[in-house]
Structure formats: C-alpha cells, structure tokens
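I opened the model to look up a few features of the fold. These are my notes, in the order I made them.

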Amino acid sequence: MIIDISDILLEVGSSKEFEGDVVIEEIVYQDEIIHFDTPFRLEGSVVNAGELVLLTAHLNGVATLQCGTCAEPYDYLIDYDIEINLKPAPDEEDPDIYVYSNELIDIDDIVTREFLLRLPIQRRCSKECKGLCPYCGTNLNHDECQCSDEDHKPIDIRLAIMKDFFVDRDREV
C-alpha cells in the first residue's frame, strides 16, 4: 500500500485518512519462516507536522509462527497501534524516524518493520507448552516420554565421582 502525501505537504496541520489491506509475503526472520495467510487490516491517518509527517494507525491480522518450545506452528494475533514519524531524508540524530520518498509513503515496509520489532523474544504457542523431550524429541504436549530417569540424568564422566556426594547428607550446604 502506497500513500500519496503530496496534498498534505502543502499546509502544516493538514491530514489524510487511509485504510486498506497490507499483504506481507512470507518472511524468514531469525531462521524462522513466518507465514501470513491473510492480509493485515490497517486504518489510520497521516498529519503534516511541519518538519515531520506523523503516521498513526491501527493494525490487526494473524501471522503463523513456530513455537520455540515445541516447534509446532501457531497463530499469533496482531492487534496494536502504530505511531511513527517520517521525514523526506534520513535523520542522523534520530534513527527511529522513517523515511518517505517522492511524497509517497510505503506502508508495506513500515508494517513489516513494526511487526518484526514487536515480535515476542520467546515465541510460545501457549504458556502451558511443555516442549520437547531433550533426549528423545517427543512432543510432551501430545505424548508421554518413554525415556527412563537415568536417560534424563546424563553425567559428565569428569564429575561422575561427585554423583553420590549429597546422597547421605541431611542438610544443604
């Protein structure tokens, strides 16, 4: 989606409303493929604020992410407001200001960047996700692991002598 702001650049304080769908292609981000089955819905306005153009908008949609705990895909709901400043040239003093060119704002680029900036660091399908068994790879949300307790307690050969150090002690050190 491209917004032509040539008409509002003539007078400080003038604004323009916009709405529409933003189609984002599949993204590979931090070695994860992010799918977008449907376009994002975007509604907002741009205002000529003198040296800057202020863009405010509401964005909602769904992205398919991969759970970092169990590796299953899940739907991540996007529903937030965007408020950014734009200039016709890069600002060395403030790297958070976006740039527009030829009196046109490329909304697709802005939505993609804002989406990536707001992704959670730990992507989990749910708070209750149990993840995968680190030894056999079983998804613990669906099945019980068949590993024995000894399988879950690998001992570094260099520390094997300390395995029974606290067994007969009745207090913590």
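**Entry 1: a loop residue**

I started with Ile-8, which sits in the loop between β1 (2-4) and β2. Is Ile-8 buried or exposed? Its relative accessible area is 2%, so I put Ile-8 down as buried. I then checked a distance from Ile-8 to Val-46. The two are 38 residues apart in sequence, and their C-alpha atoms are 8.4 Å apart in space. I note here that this is a predicted model.

**Entry 2: the sheet**

Next I traced the strand order. I found an open sheet of five strands, running β2-β5-β6-β7-β8, and the pairing is mixed. Which strands stand at the edges? They are β2 (15-22) and β8 (98-99). Each has a single partner strand, so one side of each lacks a neighbour in the sheet.

A reminder to myself: strands of a sheet pair through backbone hydrogen bonds, in parallel or antiparallel fashion.

I went through the pairs one at a time.

- β5 (residues 40-48) and β6 (residues 53-66) are antiparallel, with eight bridges. Leu-42 has Leu-59 in β6 as its bridge partner.
- β6 and β7 are also antiparallel, with 14 bridges. Here Thr-56 is bridged to Glu-83 in β7.
- β7 and β8 run in the parallel sense and share two bridges. Leu-86 stands opposite Tyr-98 of β8.

I also looked up Val-53, which belongs to strand β6. Its relative accessibility is 2%, so Val-53 counts as buried. Val-53 and Ile-105 are 52 residues apart along the chain, and 10.0 Å separates their C-alpha atoms.

**Entry 3: positive phi**

I listed residues with a positive phi. The background is that most residues other than glycine have a negative phi.

The hairpin of β5 and β6 has four residues between the strands, and Gly-50 takes a positive phi near 95 degrees there. The hairpin of β6 and β7 has six residues between its strands. In that hairpin, Ala-71 has a positive phi near 70 degrees.

Gln-30 is not a glycine, yet its phi is positive, near 50 degrees. Gln-30 lies in the loop between β3 (27-29) and β4. How accessible is Gln-30? I read a relative accessible area of 55%, so Gln-30 is exposed. Glu-103 is also a non-glycine with a positive phi, about 60 degrees. I placed Glu-103 in the loop between β8 and β9 (104-106). At 37% relative accessibility, Glu-103 is partly exposed.

**Entry 4: the helix**

I moved on to helix α1, residues 107-117. What caps its N-terminal end? Asp-106 does: one of its side-chain oxygens lies 3.2 Å from the backbone nitrogen of Asp-108. I wrote down the buried residues of α1: Ile-107, Ile-110, Val-111, Thr-112, Glu-114, Phe-115 and Leu-116. A general point for reading such a list: an α-helix has 3.6 residues a turn, so residues three or four places apart point the same way.

**Entry 5: aromatic rings**

How many aromatic pairs does the structure hold? I counted three. Phe-36 and Phe-115 make an edge-to-face pair, 5.3 Å centre to centre with 70 degrees between the planes. Phe-36 lies in the loop between β4 (32-34) and β5 while Phe-115 is in helix α1, so this pair ties together parts that are 79 residues apart in sequence. Both Phe-36 and Phe-115 are buried.

The rings of Phe-40 and Phe-115 have centres 6.0 Å apart and planes at 55 degrees, so I logged that pair as tilted. Phe-40 is in strand β5 and Phe-115 in helix α1, so the pair ties together parts 75 residues apart in sequence. Phe-40 is buried too, like Phe-115. Ring pairs link Phe-36, Phe-40 and Phe-115 into a cluster.

**Entry 6: the largest pocket**

Last, I looked at the largest pocket. Its volume is about 150 Å³. Which residues line the largest pocket? I listed Glu-83, Ile-84, Asn-85, Asp-94, Pro-95, Asp-96, Ile-97, Tyr-98, Arg-113, Glu-114 and Leu-117. By class, five are nonpolar, one is polar and five are charged. β7 (73-87) and α1 each give at least two residues to the lining.

Note on methods
Residues are numbered from 1 along each chain as its sequence is written. This is a predicted model: local features need pLDDT of at least 70, side-chain atom pairs count only at pLDDT 80 or more; totals for chains, interfaces and linings use all residues. Side-chain values use heavy atoms; hydrogens and water are left out. Buried means under 20% relative accessible area, exposed over 50%, partly exposed in between (1.4 Å probe, protein chains only). A polar contact is a pair of N or O atoms within 3.5 Å; within protein, one must be able to donate a hydrogen and the other to accept it, and residues adjacent in sequence count only if both atoms are side-chain atoms. On a 1 Å grid over the protein atoms alone, a cavity is a set of points where a 1.4 Å probe fits but cannot get out, and a pocket is an open set with protein on both sides within 12 Å along at least five of seven lines; lining residues have an atom within 4 Å of a point. Grid points are joined across faces, edges and corners, and a volume is the space filled by probe spheres set on the points. Ala, Val, Leu, Ile, Met, Phe, Trp, Tyr, Cys and Pro count as nonpolar, Asp, Glu, Lys and Arg as charged, and the others, Gly among them, as polar. Two strands pair if DSSP finds at least two bridges between them. Rings of Phe, Tyr and Trp (its six-membered ring) pair if their centres lie within 6.5 Å; planes under 30 degrees apart count as stacked, over 60 as edge-to-face and the rest as tilted.
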